[in-house]
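Reader: Hi, I'm new to reading structures and would like to go through one slowly with you. Could we look at it together?

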Amino acid sequence: MDALWILASTGLWDAVLRIATPLIFGTLGALLCERAGVLNLGIEGIMTFGAMIGWLTVFSGGGLWTGLLVAALCGALFGLLHAGLTVPLGLSQHVTGLGITLFASALSYYIFRLVVPLEASPPTIAAFRPIEIPLVAEIPFLGEVLASQTAPTYLALALVAVMGWVLFRTPLGLAIRMTGENPHAAEAQGVNPLILRTACVMAGSALMGVGGAFLTMSAFNSFFPTMVQGRGWICIALVVFASWRPGWALFGAVLFAAFDAYQLRLQSALENAVPYQLFLMAPYLAAIGALALMARKARVPQALMRPYRRGER
Amino acid sequence: MRIEARSHHPRGLILFAPVVAILAALAVSGALIALTGVSVMEAYAQILAGALGTRLAVTETLTRATPLILTGLAAAVAFRARLWNIGGEGQFFIGAIAVAAVGAELTAGLPAALAIPVLLVVGAAGGMVLMVTALGLRLRFNVDEVVTTLLLNFVAILFVSMMIEGPLRDPMAFGWPQSVPVADNAALPRLIERTRLHAGLLIAVLLAVAVYLLQARTVFGMRSRAAGHNARAAGFAGVPLARTLVMVACLSGGLAGLAGAVQVLGVRGYVTTDLSPGFGYAGIVIAMLANLNPLGVIAAAVFAAVMFIGADGMSRAVGIPSYIADVTVALSLLTMLVALFFTQYRIRR
């Protein structure tokens with residue numbers, strides 16, 4: 001019975017939104033890159049760097065929003081590196097992305113260790129505080145769940161709507177989707193696929209950086225190596241699960257976060273009856289399971305991972 | 001300005017590419033060192049001294065290179081067939097824990113000449129199972145193996161953690177989570193007395209040669225290369241694609257699992273969750289630096305080992321975080337990709 005009661009607690013759903021936020025940012029970022037035809041496996045490293053640099057900005061006296069902005073800018077720079085190698089040069093998107101992840105993670109740890117040389121407990125910052133919205137707080141269940149959320153979570157939710165609107169209701173979105181489906185046709189329409197792909201990878205990577213920064217600036221208040229824990233890879237899986245649609249990406253991220261939050265609570269409810277590692281494994285296995293369910297049905301952008309060169313078929 | 005395919009690919013240029021790539025990576029890392037105010041030359045001199053300065057240092061570097069050769073081979077054989085095995089890290093751990101599970105008691109009574117080969121096979125089989133699972137998901141459900149192998153890395157390490165805190169826990173380890181030790185009869189013999197250098201290095205080098213011959217001289221090698229160059233054309237030409245990929249997955253996962261087995265039998269004797277400081281991921285860089293050539297993997301693995309071992313000493317001497325080695329190795333992957341590009345294409349005005 002306890003296991004079911006957890007589902008009705010506001011504590012669970014409050015945690016769900018907190019866990020989902022970095023996934024929403026990351027999944028939207030990866031989705032934007034892939035809609036334009038570029039797989040960005042740099043996501044794990046870019047999130048790590050965003051987490052580190054966001055924390056570092058605030059730690060060295062910057063404001064919280066400045067921290068998010070710096071994380072976004074650094075994400076965009078790594079995106080530029082990824083795009084520079086995969087778009088005009090057409091290098092393998094798999095290997096380049098992994099290279100970006102290895103480079104960005106190593107660079108994050110290097111800079112972190114320069115600032116915090118000791119192995120002692122990592123220094124903390126004053127993270128984002130929950131914002132109170134006068135009327136919403138009165139709503140019985142939802143009000144309590146939302147009461148403990150911070151501003152970046154609202155930003156993530158708003159971005160889902162913005163991304164859906166841009167991709168499916170604007171000429172720019174049409175051009176992006178066309179570039180991901182058939183860059184030759186896009187070029188015939190006067191779109192420059194190389195520039196558009198580069199821009200999308202940069203914008204998407206900026207979102208990944210913000211997703212990482214949320215971890216150190218809202219979910220926790222300090223940085224430690226390996227803290228991203230495969231969240232980037234889970235975002236890549238969520239994009240497939242969502243079949244490259246922002247609304248479904250939100251649904252996938254929340255579903256996944258609910259699963260994660262539920263296993264955390266179930267773990268403490270069952271008190272060591274089952275090895276805790278089984279619970280920790282569950283999210284990764286769930287992501288693989290979701291992929292196996294959805295991969296055949298998913299509508300992959302037809303030019304995903306196909307480099308575009310003018311005059312070549 | 002436009003990009004134009006080269007009509008022929010000069011061999012010298014391809015051999016030269018890794019050298020240029022490594023120098024470029026070292027230059028960028030040098031800038032990162034210089035930003036801290038430490039002399040770049042001093043730092044690099046310390047890295048070289050730490051990795052190659054004494055006889056002991058050289059043996060430590062070669063000891064570190066041993067698992068890297070195997071994970072590098074694992075990535076190289078898979079990438080050659082365009083099978084993106086990014087799960088070397090997880091396969092390494094499954095291989096290691098399988099060896100601990102079997103080697104602690106089951107093979108304890110056997111003579112070394114029997115126990116060691118049995119345990120090496122057990123380790124390889126562990127890695128194989130994990131990789132074939134990922135390939136199975138690709139063949140059956142069309143799931144990209146990049147994502148599954150990456151996610152399985154986390155599952156594998158958690159599985160190891162569960163084993164060493166559960167059924168395989170060492171009761172003598174004062175509460176530290178580590179596995180039961182493998183019985184002494186299966187320890188790999190030392191190559192040089194009073195160093196940690198072990199026979200695993202010979203195994204790794206022999207396997208590099210074997211994989212080279214397999215790829216260059218056998219039907220399987222030809223098929224796996226064909227599957228990588230153009231899977232559709234290979235299919236039309238009668239290459240059994242699924243069967244070839246399963247064999248490649250077995251070989252690749254097996255090599256990564258073997259790396260875990262060798263590290264347990266040669267160096268550690270037991271398993272902890274920090275047995276690998278990213279050997280699986282480094283293997284990907286090593287395979288690319290070697291341009292997927294199995295013999296080149298040996299040289300690339302030694303380069304990475306020099307950076308990792310040297311950076312530890314350098315870090316103690318001049319206070320630069322040893323993560324600079326990871327930065328350099330990761331950068332050399334990116335610079336190598338660019339260098340390889342210019343062996344295939346040129347830029348014309």
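Author: Gladly, and please keep in mind that this is a predicted model.

Reader: Okay, and which residues have the most contacts inside the largest nonpolar core?

Author: Those are B:Leu68, B:Phe79, B:Leu151 and B:Ile324, in a core that has 219 residues. As a general point, nonpolar side chains in soluble globular proteins tend to be buried together.

Reader: Where is B:Thr148, then, and is it buried or exposed?

Author: B:Thr148 sits in helix α6 of chain B, which covers residues 145-165, and with a relative accessibility of 0% it counts as buried, because buried means under 20%.

Reader: Switching to helices: at what angle do α7 and α12 of chain B pack?

Author: Helix α7, residues 200-217, and helix α12, residues 294-318, pack at about 150°, and their axes are 7 Å apart. That angle makes α7(B) roughly antiparallel to α12(B), since the cut-off for that description is over 145 degrees.

Reader: Which residues meet there?

Author: From α7(B) come B:Val205, B:Ala208, B:Val209, B:Val211, B:Tyr212 and B:Gln215, and they meet B:Pro294, B:Leu295 and B:Ile298 of α12(B). Sorted by type, the residues of this contact are eight nonpolar, one polar and no charged.

Reader: What about B:Ala25, what does it touch?

Author: B:Ala25 belongs to helix α1 of chain B, residues 11-34, and it counts as buried at 0% relative accessibility. Not counting residues up to four places away in sequence, B:Ala25 touches B:Thr328, B:Leu331, B:Ser332 and B:Thr335. The C-alpha atoms of B:Ala25 and B:Ala183, which are 158 residues apart along the chain, are separated by 43 Å.

Reader: Now chain A, please: where does A:Thr10 lie?

Author: A:Thr10 lies in helix α2 of chain A, residues 10-35, and it counts as partly exposed at 22% relative accessibility. Leaving aside neighbours within four places in sequence, A:Thr10 is in contact with A:Phe141, A:Glu144 and A:Val145.

Reader: One last thing: what is the phi of A:Thr226, and what is the phi of A:Ser243?

Author: A:Thr226 has a positive phi of about 60° although it is not a glycine, and A:Ser243, also not a glycine, has a positive phi of about 50°. A:Thr226 is in the loop between α10 and α11 of chain A and is partly exposed, with a relative accessible area of 47%. A:Ser243 is in the loop between α11 and α12 of chain A and is buried, with a relative accessible area of 9%.

Definitions and conventions: Residues are numbered from 1 along each chain as its sequence is written. Chains are lettered from A and ligands numbered from 1 in the order in which they are written. This is a predicted model: local features need pLDDT of at least 70, side-chain atom pairs count only at pLDDT 80 or more; totals for chains, interfaces and linings use all residues. Side-chain values use heavy atoms; hydrogens and water are left out. Axes are lines fitted to C-alpha atoms, for helices over the stretch in contact, and angles run from 0 to 180 degrees between N-to-C directions. Helices (H or I, at least four residues) and strands (E, at least two) are DSSP runs, numbered from the N terminus. Angles under 35 degrees count as roughly parallel, over 145 as roughly antiparallel, 65 to 115 as roughly perpendicular and the rest as oblique. Contact means heavy atoms within 4.5 Å. Ala, Val, Leu, Ile, Met, Phe, Trp, Tyr, Cys and Pro count as nonpolar, Asp, Glu, Lys and Arg as charged, and the others, Gly among them, as polar. Buried means under 20% relative accessible area, exposed over 50%, partly exposed in between (1.4 Å probe, protein chains only). A nonpolar core is a set of buried Ala, Val, Leu, Ile, Met, Phe, Trp, Tyr and Cys residues joined through side-chain atoms within 4.5 Å.
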